[in-house]
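Subject: Structure handover

Hi,

Here is the structure for you to look at. Please open it first, then read my notes below.

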Amino acid sequence: MTRPTRPVPPGLTRSYSLRLPIHLQREIARLHFYDPKQSSRAISRAVSVSTNSVLMLRSLLTTRDIPQNLFD
């Protein structure tokens, strides 16, 4: 038996919860800002996490206003 899903009210966005430790999120962000042309797959291999987790975090990094010199 499946549970019914509730519709999301208009104006609310989906919450992105990553089950990644902070040190891995920082490393992914550092690699992303170091070379933005590097693929998510290459970053995921370097950090040993799934590609989808890297894709999700990179999409959050590009949509938010984060200073790029934060990791220098």
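Helices (H or I, at least four residues) and strands (E, at least two) are DSSP runs, numbered from the N terminus. Serine 44 lies in helix 2.

Two points on the source. This is a predicted model: local features need pLDDT of at least 70, side-chain atom pairs count only at pLDDT 80 or more, and totals for chains, interfaces and linings use all residues. Residues are numbered from 1 along each chain as its sequence is written, and side-chain values use heavy atoms, leaving out hydrogens and water.

Confidence comes next. pLDDT is the predictor's confidence in each residue, from 0 to 100. The protein averages 80, and 67% of the residues score at least 70. Among its elements, helix 2 has the highest mean pLDDT (96) and helix 3 (residues 51-63) the lowest (90).

Back to Serine 44. Is Serine 44 buried or exposed? Serine 44 is buried, with a relative accessible area of 4% (buried means under 20%, exposed over 50%, partly exposed in between; 1.4 Å probe, protein chains only). Not counting residues up to four places away in sequence, Serine 44 touches Val49, Ser50, Thr51 and Val54 (contact means heavy atoms within 4.5 Å).

Now the helix pair. Helix 1 (residues 22-34) packs against helix 2 (residues 40-47) at an angle of about 140 degrees, and their axes are 10 Å apart. Axes are lines fitted to C-alpha atoms, for helices over the stretch in contact, and angles run from 0 to 180 degrees between N-to-C directions. Helix 1 contributes Leu24, Glu27, Ile28, Leu31 and His32 to the contact; helix 2 contributes Ile43, Ala46 and Val47.

Best wishes
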